[in-house]
Each structure stands twice: as structure tokens, then as C-alpha cells.
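I opened this model to look up a few packing and pairing details. My notes are below, entry by entry.

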Amino acid sequence: MSIWVLRGLRDGVVTTRWPAKPDPYADAWRGPARPVDASRSDPAADLTDLCPTGAITVTGGTVRVDQGRCILCGRCVAERPGVFAWSQGVTGAAALVREQLVIPELPGSGAAVAAARARLAERTRALRRSVHIRHVDAGSDGSEEWEIQALLGPVYDLHRLGVFVTASPRHADVLLVTGAGALGMSGPLRTTYDAMPGPKVVIAAGTDAVSGGLLAGGAAVTGGVGTTVPVDIWLAGSPPGPFGILNALLIAVGYLAPDGKRSR
Amino acid sequence: MTMTEPEVQALWKELEARLAAGDRFAGLFATRAADRDPVVLSAHVATAGDIETLQVTLPPYATSYPALTPRVGAAFWYERVIHDQFGVVPEGHPRLAPLIRPGDPLPRHVEGYGLFTIPHGPVRSGVLESIEYLVETPGEAIPHLNMRVFYKHRGVARRFAGMTPRDAVLLAERTEGIASVAHALAFCHAVERMAGCVPPSAAALVRVLHAELERIANHLDVAVRLADAAGLAVATARLALHKERVMRLVSRMCGSRFGRGVVVPGGVSALPRLAPAELRDEVEQLARQVTSEAAALMATSSFLDRLRGTGPLTPPRARTHGALGPIGKAAGFADDNRLTRPYDGYPDLAVWPTRAHQAGDALVRLRVRWEEVDQSFGLLRRAAEELAERTGDQLRVACEPTSGRALGWAEAPQGEVLYDVALAAGRVTGCQPRSASFHNLVLMHEVFTGDILTDFPFIEASFGLSVAGVAL
């Protein structure tokens, strides 16, 4: 057994200090696609047809990307580099209302965001230094679970932030939901949500959980988990990386504001 | 009793004869071109260098056919899926309960004084995929285990219909997310076979790089879960660190931590963004770290004690079922597609076989995984070297078949992934993915011989499967 004592000291500290200190891997993170040149005169169909999930819309000459549908295939970025680009960093992919994932902002969504922020702040005031997460897989492809598990490893070490994963919904403050909303999981997901004491925060983690992704419209899924449980934080990504999930969790506990700034 | 009973029986007889002669049962699926068309049964058989399909068409409006399961036990879950999807009854099937469609629970398998059922799931403790295990137990021993996998059925197979091959490969990557590369490869191999095109050699090497890194990440994940189950905190953290390093290397190469977006029909989308020399250094460093950690883990007796003799699969069962991947290899049944039906860069890179094993328990399954990791590092080294000399080469050939049907396969970390793809007018009309997870998970019913409740996490982790690939 003693070999492990020494091995534990190898490599020194490998844990990131993010968000207290910047982390190069988080800063270089490749997020969903975004329009760089929103007012285009191209025929609308040329742009909208690029996207396999219909995330691109053109209205009144404005090109918009719904990042909640983006599966990060990168086709729009590769084929129309003048119009679309990857977003960079981890903070952009999380939003408090579903419409906020549409870039550039839809007219009139500012008020809804402000209201959602106030509602969330009300609840997160109660969540301080010890926050417990209950994860539910509602039809994921399995990759989201890997990224959440990574947070429990030495590199991200969720515990340093006072966040823990719990088995019992009775101990949970945050419900972290992955997957496109498989019909078979609707009941168990709702039961888990109901079993959690208030105040509680729900995170839809990943493009599948937000909109259903490529499975949207299929007969076996609800196309996102928002119709089964009330979602507070919408997190895009296919899958969202560990830093993206960490960012959403820190918003959920009121440690970070959605714009990436420290709120306490 | 249907008119085609003799035809179906004749096909089953032929299938049985071929399996007895050494071929491997690789799946049974039903398809139907349109709603009122007759159902077609397709059985896939893996031969020495190929995978073939035997077919029989049921009469219009047939409601039943003679089941294959009584003759070929490995068809057990396949026929339940056929029943779920089409309502056709395989007559003589021993236990025809819903598998991928939500439905009534299975009746208890064992009866007796003091026996009770412990349900685990579908919402499980820890961060895991949704599945329900019903453990039938008198207290400690596990005389029988039931599995309900339908909770996360997502209707993936049907979603392929109507997609272009270019979009469909994106869905293939999300069919079983932890084996994205292998699924994309199997799908593309089917499309390429239809078009008769061969990816350029540089693309074939890039595919090998990503497929082998995926294998290393998956095998490390299994090791993390086993070390965690044994309560080895430092080993768990160390192995998780190495897995994170592998995933970061993949994301530096292509932008995705799961190698998504790399494999496209006809080749790959881009070269790795790392310079060849840098890639070689990264692989060298990883190989050193992982090999040393694996050696330490396999010398920790308190860990080995929990794995030795745990959840053994007998070699005869592995052979009759055609157990795939490390589970099969650990029980003396090795059929690695990189060796037996090689594709992409593998024929030139000369894959060597892993050692022959017989014990089939959790310990040997882990040993096989470490041997495969060694093998993968060797392949990565050679592929990176070869690729350094071909940086200017073409990465993609035109591959746009309009119609046809073909099988494609790839060796995922879990074992063989098989895709049966049909196209018409340039769009997918039918696509049936078969993951190694689906084929192998049913074997978990049979390995609890003398094992007790606390062995459960070891056995589950040592299978190393993904539920996403089972319920589709």
C-alpha cells in the first residue's frame, strides 16, 4: 500500500484554481458556434440549411444561432467562416432563460433574463458553502456523465468549492439533468425533482437536455428536459466540457453570475 | 404457425450449422421498408474475414415466426427488441418481456423462502447512466439478476431515417457517446463500402490515432471505477488524472474531447492540430505514466483480491454467445476486428494479438484492458511516425453513394460495433447500429456465480459497457 503514498505526491498539485485564477484550458475552450457577421444579405436558405439541427435562423436580415440546439459539429464555421465562428471560453454557454442561448440576443429578452436572475438569486441565497448535487440521466449518450465524473477527479476537484454529489434527492440542492428527455425517464426524473427539498435549482446540462439535439422531434424523447422539470440554468454543449458544467454549477449556487463575474 | 415457418426454420438451421462450423453470431434484426410491407429478418454472421447477412422475408401481416433463441441463445435480447419494435411474436421465445420499450416489469425469476428483490436504479447513486438492476437475493448471494434497460431508450435507430450520410455520422457519434469514434467509423465504413471508395492513407492513420486514444480513455475509465470500488483513493485519483490527460490530448488534436467531427464519409475532416513531433512526445509521456500506474495497481494485493474470481464468464459461454471485446478475450474468445477484419490503417500497422486467457473473471478482464492499452500505445507511436511523412497528403475522397445496403464495423473499446446501413436517393432509409454493449450486457445475467452484493460494482465496472449503446 505504501507505493500509493509516494505516488500521491507525484506531479505535485494538478488541481485547477479556476474560477479564482484563470485556467488556460478553460479560456481556450471551444464553445458552440456564433455568428460573427449577423447582418448578411445571403439567401437565407444557404445559411439555415447548413445546420443539421436547425439552430441557424435568418430574420429580417439578421443571422442568429440558437446555441441550445448547436451540437458543435462545426459545419457552419468550416463552410462559411466569414459568417460563423466558434465561441471561446466556458462562460457563454450557460443561460438563465432558454431564449438567452440565441445569439445575438432576441429583441425583448432582456426583461425575462432580469426576472430569471432575480428568481434565481432569491433561491441561491440559501445555498452557501455546502451544496449537494443529484444527477439524473434522462437519455444521454453517456458522454455527459464522463464530463461530470471528471469534476470529481483531481484536476477539477469539485469538493474544493464545497460542492458534493449526493445519492439521495432528500439531501440535494441542485438537480443536474443530462439527456434528451427519454420518455422512460420522465417519471423517475419528475419523482426525483419532487423528492428534493426547496429551495432547489435545476440545470439542463448539454444541448440534448436543452433541446433534444439531433434527437429532437423523435417519438421516444420529449426533446429537452424543460417540459418535465422547471429548468433554471440552460447549458449548451455536445457534451459541455467539465469547465462548462462547473461554471453552470457555480451559477446555480450563486458563486458566479452568468456573465462570468464573481457575485460573492 | 405461419406459411414461412419452413423457410425461417431452414434459415435457422443454416445459421446453426455455420455457427457450429466456427462462425460467430453477430446480431438479428427486423426491418420493414414501409408500414404495410412485410417484415424482413436479417441475421448477421461473422466469418473469417467478413460479416455476412442471411435474410428471410415474413409473409405480409405475419404476426409470428419460429424463434431463433431456443436454437441460438445469443439471440435472446435481439428477439425481444424485434417484438418491441414490430409486435411480431417469436414463437418459443423463453421470456418475451419488453426490453427497449417501457413496459411491465419482468416476473421474478427465482422463487423461494426469504428471497427478495433489491432494485437499483434507474436513478442510481453516483453519476451513472440510467438502468435498473433488480437483484434477486436471499441476503448476500445473487442467484439471479434482472436488468431493465428501457428507461433511456431514445429512438436513435429510427432517427437515422431521412438523414444524409453526412448528418447521419453526427448521430452515429452520439449513439454511444463514449465510443464516438468507433461508431462514426463503423457507419462510415458501411457508406464507403457502398460507394466502393477507400479513404486516403493519411486519413486512415488519423482514424487509427483517434480510435486508439478513445480505447485508452475507456480502459482508464474502467480502471478508475474498479479502483474506486475498492476504495483506493490515490489510485482512483491518479488514474482519473491520466484519463483527463488523454481527453485533453484528444481535444488539442481536434477540438472535441471525444474525437467528434473527425471521421467523415471518405476520410477525415482535418489533420491533428498538434505537430507530429509534439504528438509523439505527448504519446510517449502518457505511455510512461499509464504503464507505471497500471503496474502499481496490478501489484496492490488488496485490489487484486477483490477482482480475482469475481464475476467469471466461462469460455464455453463466451464462445457460444460470441462475447465481444475484452469480455470475450478474457474468456478465451478473441475476435478483434483490427486483426481479423482489418480496416483503415490497421493492415499496415500490424496489430499483434493479446495473450490468450481462460479465467474470464474481473481480474483477467482488467489484464486484457491493460494489454490493449499497451497495444494502443504501440499503434499510436507507429501511426504518428507514419503520419509525419504524409502531412501533405489528401485527407478525403469523394464518397457519395446514392443507394444500396452495406455492413460496416469497427472495434470499439467495448468490442465490435456493427452498422447495417441502407440508402436510397442519397438518404438513409434504414440504419441499425449494434453496439458491443448491447451484445455483451446480457451476459451479466450469467456471471454472478458465488458472488455477493458487494461484488456488484466490480462486476459492473469490469464489463465497461455504456447503457446508451444498449437501449438506443
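These entries cover strands, a helix pair and the chain contact.

**Entry 1: before anything else**
I note that this is a predicted model.

**Entry 2: strand 1 of chain B**

Next I looked up its pairing. Strand 2 of chain B, residues 40–46, runs antiparallel to strand 1 of chain B, with seven bridges between them. I picked out one bridge: B:Leu28 has B:Ala43 in strand 2 of chain B as its partner.

**Entry 3: the sheet 6-7-8 of chain B**
I traced an open sheet of three strands in chain B, in the order 6-7-8, with antiparallel pairing. Which strands sit at the edges? They are strand 6 (116–120) and strand 8 (144–148) of chain B, each pairing on one side only. On average, neighbouring strands of this sheet are turned by 20° against each other, direction ignored.

I then checked strand 7 of chain B, residues 132–137, against strand 8 of chain B. Five bridges join them in the antiparallel sense. Within strand 8 of chain B, B:His144 stands opposite B:Glu136.

**Entry 4: helices 7 and 8 of chain B**
For a helix pair I want two values: the angle between the axes and the distance between them. Helix 7 (233–254) and helix 8 (276–297) of chain B have axes that come within 11 Å and cross at roughly 160°. Angles over 145 degrees count as roughly antiparallel, so I log helix 7 of chain B as roughly antiparallel to helix 8 of chain B. The crossing is left-handed.

I listed the residues that meet. By type, the contact residues are seven nonpolar, two polar and four charged.

**Entry 5: chain A against chain B**
How many residues does each chain put into the contact? Chain A gives 45 and chain B gives 41. On the chain A side, helix 1 (2–7), strand 7 (131–137), helix 6 (143–151) and helix 7 (183–195) each supply at least two residues. Helix 6 of chain A gives the most, with six residues. I sorted the chain A side by type: 26 nonpolar, 14 polar and five charged.

Notes: Residues numbered from 1 in each chain as written. Chains lettered and ligands numbered in written order. Predicted model: local features only at pLDDT ≥ 70, side-chain atom pairs only at ≥ 80, totals over all residues. Pairing = 2+ DSSP bridges. Helix = DSSP H or I, 4+ residues; strand = E, 2+ residues; numbered from the N terminus. Axes fitted to C-alpha atoms, helices over the stretch in contact; angles between N-to-C directions. Parallel < 35°, antiparallel > 145°, perpendicular 65-115°, else oblique. Left-handed = near helix turned anticlockwise from the far one by under 90°. Nonpolar A, V, L, I, M, F, W, Y, C, P; charged D, E, K, R; others polar. Contact = placed C-beta atoms within 7 Å.
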